[in-house]
Amino acid sequence: MGACGGPCAVVLLAVLVLSLASCVNGDDPYRFYNWNVTYGDIYPLGVKQQGILINGQFPGPQIESVTNDNLVINVFNALDEPFLVSWNGVQQKRNSWQDGVYGTNCPIPPGQNFTYILQVKDQIGSYFYFPSLAFHKAAGGFGGFKIFSRSVIPVPFPPPADDFTILAGDWFMKNHSDLRAILDGGSDLPFPDGLLINGRGSNGYTFTVDQGKTYRFRISNVGIATAINFRIQGHMMVLVEVEGTHTLQNTYSSLDIHLGQSYSVLVTCDQPSQDYYIVVSTRFTSEVLTATSVLRYSNSAGRVSGPPPAGPTMQIDWSLEQARSIRRNLTASGPRPNPQGSYHYGMINTTQTIRLTNSAPVINGKQRYAVNSVSFVPADTPLKLADYFNIPGVFALGSVSDSPTGGAAYLQTSVMAADFRGYVEIVFENVEDTVQSWHIDGHNFFVVGMDGGQWTPASKLSYNLRDAISRCTVQVYPNSWTAVYMPLDNVGMWNVRSENWVRQYLGQQFYLRVHSPANSWRDEYPIPSNVLLCGRAAGRHA
């Protein structure tokens, strides 16, 4: 869809909404957003640089929704290069057309707009959106995404006094185009320059609370390269939700949050009335970066003083044990009234085991990253469109193996075939000395096991088959493995990627084609009437 404003935009939005009404539940509410994506000057670490703003904001505006809401998000691209938005953790049930990554969508050209129409079907929880193309994520363009439970669904904790979003992560002072040029030239990036909390450096953001009340904090790691640890001076945190799953309500003094992950905690403000540090610091890095915000009691008698509380640094065993302690609350309701424990994931026979090994090869003299020896390169046409229009030569199913090959790494547009309604075991095997973070679009999975050393079939004896956490992004520790069970319940072309954005950009990703031969609207929505067509799909008719 080209640029369109005023009455024209209103008419087009109405047509799009009506065209979707046959695919979604018309009784579910609609929420409308208009976003203008621009460049703008930002100073997050005190140095002027070019950022990506949405409606003039960095970070972008918050999306607040309720389970099953329909979201109509009109994005106008005022940048000088193509742009896409993706929705980290939003499953896009039957609707990978709206996923917002290059494997599914044509980019929005400069000076034009595209309207995403998506439904947060059967989901609750804490997520974020981000720009998925051209290393734009290093310039901003990200924001929080909340999905509240419906009023008729019980939530396993009292309503908090307020609900805060924290978007934290590492940051570079170079513009995204300069960072991209470094990667395109075959080199890796230097260590980040600092950490941000909600787009600001240390003590640039304040959360005001009342003494004696309990607050919810939703924390997402939106960074590029490093895991972080999160803590609040003098306060304990009760974990209540991870990426759409209510958890056992364990208490923590600090939490490791890996790249792309989101956590939700309750904090009771039961300390003397003063200001306290909110702290994030890098994990598993020889140089430790730290950033702080302020938790201010409304009747505060004193400002923050002294050094912020220290957190863990290189301790992997500590982090592993914490990760294992995060479990599903079996009696709590999720987005539906039935208890989360009513789905007995551990009693289902798996239909396939997929083993994925990451590596860091040099190919043609340039640094790359790979999965099972294949370093992903984007095709000239989005894979979803090539699949829909049966365009030959764009990709080949099976172009990445479902187990490590041990062979030399090479460049390829890698797509793995999978069958709708299958139930797969995926083992992420990390033979490198750095922590990995993996995300799968369109799905949640059960984290049944993680440990050091080499995975073998005997490792299944240690799996948690009762109350493993269900989530969409998971870490793999150095020289270790993580195993997940995942129902293939969502037809589409889905991105499987490293959440380390350098590794993702340089090839540590592929696409999982979950296919149903039925070709039915019950399995997948039809191609949108406003679909953008590009590459070899240009000029075709949807």
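Q: What's the handedness of the disulfide between Cys106 and Cys534?
A: In this predicted model, the torsion about their S-S bond is about -95 degrees, so the disulfide is left-handed. The sulfur atoms of Cys106 and Cys534 sit 2.1 Å apart.

Q: How many disulfides does the count come to?
A: The count is 1 disulfide.

Q: What about Cys269 and Cys472, buried or exposed?
A: Cys269 counts as buried at 0% relative accessibility, and Cys472 is buried with 1%.

Q: Switching to cores. Which residues touch the most other members in the largest nonpolar one?
A: That core has 64 residues, and the ones touching the most other members are Ile166, Phe217, Phe230, Leu295, Leu356, Ile426 and Phe428. There's also a second, separate core of 46 residues, which includes Leu133, Ile391, Val415 and Cys534.

Q: What is Leu295 in contact with, leaving aside its neighbours within four places in sequence?
A: Its partners include Phe207, Val209, Phe217, Ile232 and Cys269, and also Asp275.

Q: And which residue does Asp275 form a salt bridge with?
A: Arg296, with the closest N and O atoms 3.0 Å apart. Asp275 lies in strand β19 and Arg296 in strand β20, so the pair ties together parts that are 21 residues apart in sequence. Asp275 is buried at 2% relative accessibility, whereas Arg296 is partly exposed at 25%.

Q: How many salt bridges are there in the whole structure?
A: The search finds 26. One of them joins the side chains of Asp467 and Arg327, at 3.0 Å from N to O. Asp467 is in the loop between β31 and β32, and Arg327 is in the loop between α3 and β21, so this pair ties together parts 140 residues apart in sequence. Glu64, Lys146, Asp163 and Arg218 are linked in a salt-bridge network.

Q: You mentioned α3. Which of its residues are buried?
A: Ser319, Leu320, Gln322 and Ala323. Seen down the axis of α3, the buried residues fall within an arc of 165 degrees, so they line one face of the helix. What covers them includes β16, β17, β31 and β33.

Q: How about α2, what's buried there?
A: His176, Leu179, Arg180 and Leu183. Down the axis of α2 these fall within an arc of 100 degrees, so they line one face of the helix. They pack against β1, β2 and α5.

Q: What follows α2?
A: Gly186, with a positive phi near 100 degrees.

Q: Last one, Asn74: where does it lie, and is it buried or exposed?
A: Asn74 lies in strand β4. It is buried, with a relative accessible area of 8%.

Q: Which side chains does the Asn74 side chain make polar contacts with?
A: Its side chain has a polar contact of 3.0 Å with that of Asn34, and one of 2.9 Å with that of Thr115. Leaving aside neighbours within four places in sequence, Asn74 is also in contact with Tyr33, Trp35, Asn113 and Phe114.

Key:
Residues numbered from 1 in each chain as written. Predicted model: local features only at pLDDT ≥ 70, side-chain atom pairs only at ≥ 80, totals over all residues. Heavy atoms only, no water. Buried < 20%, exposed > 50% of the residue type's maximum accessible area, 1.4 Å probe, protein only. Helix = DSSP H or I, 4+ residues; strand = E, 2+ residues; numbered from the N terminus. Arc of directions from axis to C-beta. Contact = heavy atoms within 4.5 Å. Polar contact = N/O pair within 3.5 Å; in protein donor to acceptor, adjacent residues only side chain to side chain. Disulfide = S-S within 2.5 Å. Core = buried A, V, L, I, M, F, W, Y, C linked by side-chain atoms within 4.5 Å. Salt bridge = Lys/Arg side-chain N within 4 Å of Asp/Glu carboxyl O.
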